[in-house]
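Welcome! Let us walk through this model together and ask what lies behind each label.

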Amino acid sequence: MTTRGARVPRRGVRGDLFDPHCPTRQLLDRIGTKWTSMAVKTLADAAPDEVRFAELRRRMPGVSQKMLSVTLRSLTRDGLVARRVEPTVPPRVFYRLTRLGLSLEAALAGLRTWAEEHMAEIDRANEAAAQEADEA
């Protein structure tokens, strides 16, 4: 039961990527970032071993401590990464991909392969667009 004038939040329809409330769209928004892709790749390269936070950061050039922390928190919440803390001073935090995370790595590997195979073509298209803009 709702009170008069209260708005019930709308739950998105699965598979409707044009709906901002679509669960599929929301998941793609989370896993489609460059830091997510790099973190998953780095953890997959180490699998089945764990990787400490500081080591992950060293292997991901350009990522800030805060962004890595936010990325790992999201991946952990989604069940893609497992986190283990050793109660030392300071605490030692380890991460590894779950089976679900490893399945995501397979999909991301396909996307990386596509990007590598088509990068020259995309570079040419960007150069042509820049030249057209300069001539206009």
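Two strands pair if DSSP finds at least two bridges between them, and helices (H or I, at least four residues) and strands (E, at least two) are DSSP runs numbered from the N terminus. This is a predicted model, in which local features need pLDDT of at least 70, side-chain atom pairs count only at pLDDT 80 or more, and totals for chains, interfaces and linings use all residues. Residues are numbered from 1 along each chain as its sequence is written, and side-chain values use heavy atoms, with hydrogens and water left out.

Q: What makes up the protein, and in which order do the elements run?
A: The protein has five helices and three strands. Read from the N terminus, the elements follow the pattern α-α-β-α-α-β-β-α.

Q: How do you know that S2 and S3 pair?
A: Pairing needs at least two bridges, and S2 is joined to S3 by six, with the two running antiparallel. Glu 86, for example, stands opposite Arg 92 in S3. The link from S2 to S3 is a hairpin of five residues.

Q: How do you know that S1 and S3 pair?
A: Two bridges connect S1 with S3 (residues 92-97), in the antiparallel sense, and at least two are required. Here Val 51 stands opposite Tyr 95 in S3.

Q: Why is one side of S1 and of S2 left without a neighbour in the sheet?
A: The open, antiparallel sheet has the order S1-S3-S2. Strand S1 (51-52) and strand S2 (81-86) stand at the edges with a single partner strand each, so one side of each has no neighbour in the sheet.

Q: What packs on the sheet?
A: Helix H2 (residues 34-46) does, touching S1, S2 and S3. The direction of H2 makes about 90° with that of S3; such angles run from 0 to 180 degrees between N-to-C directions, and axes are lines fitted to C-alpha atoms, for helices over the stretch in contact.

Q: Why are H2 and H4 called roughly perpendicular?
A: The axes of H2 and helix H4 (residues 65-77) cross at roughly 75° and come within 10 Å. Angles of 65 to 115 degrees count as roughly perpendicular, under 35 as roughly parallel, over 145 as roughly antiparallel and the rest as oblique. H2 and H4 are therefore roughly perpendicular to each other.

Q: Which residues make the contact of H2 with H4?
A: Contact means heavy atoms within 4.5 Å. H2 supplies Trp 35, Thr 36, Ala 39, Val 40 and Leu 43, while H4 supplies Met 67, Thr 71, Leu 72 and Leu 75. Seven of the residues in this contact are nonpolar, two are polar and none is charged. Ala, Val, Leu, Ile, Met, Phe, Trp, Tyr, Cys and Pro count as nonpolar, Asp, Glu, Lys and Arg as charged, and the others, Gly among them, as polar.

Q: Is Gln 26 buried, exposed or partly exposed, and how do you know?
A: Buried means under 20% relative accessible area and exposed over 50%, with partly exposed in between (1.4 Å probe, protein chains only). Gln 26 has 34%, so the residue is partly exposed. Gln 26 lies in helix H1 (residues 23-31). Apart from neighbours within four places in sequence, Gln 26 is in contact with Pro 20 and His 21.

Q: How much of the protein is buried?
A: Of the 136 residues, 24% are buried.
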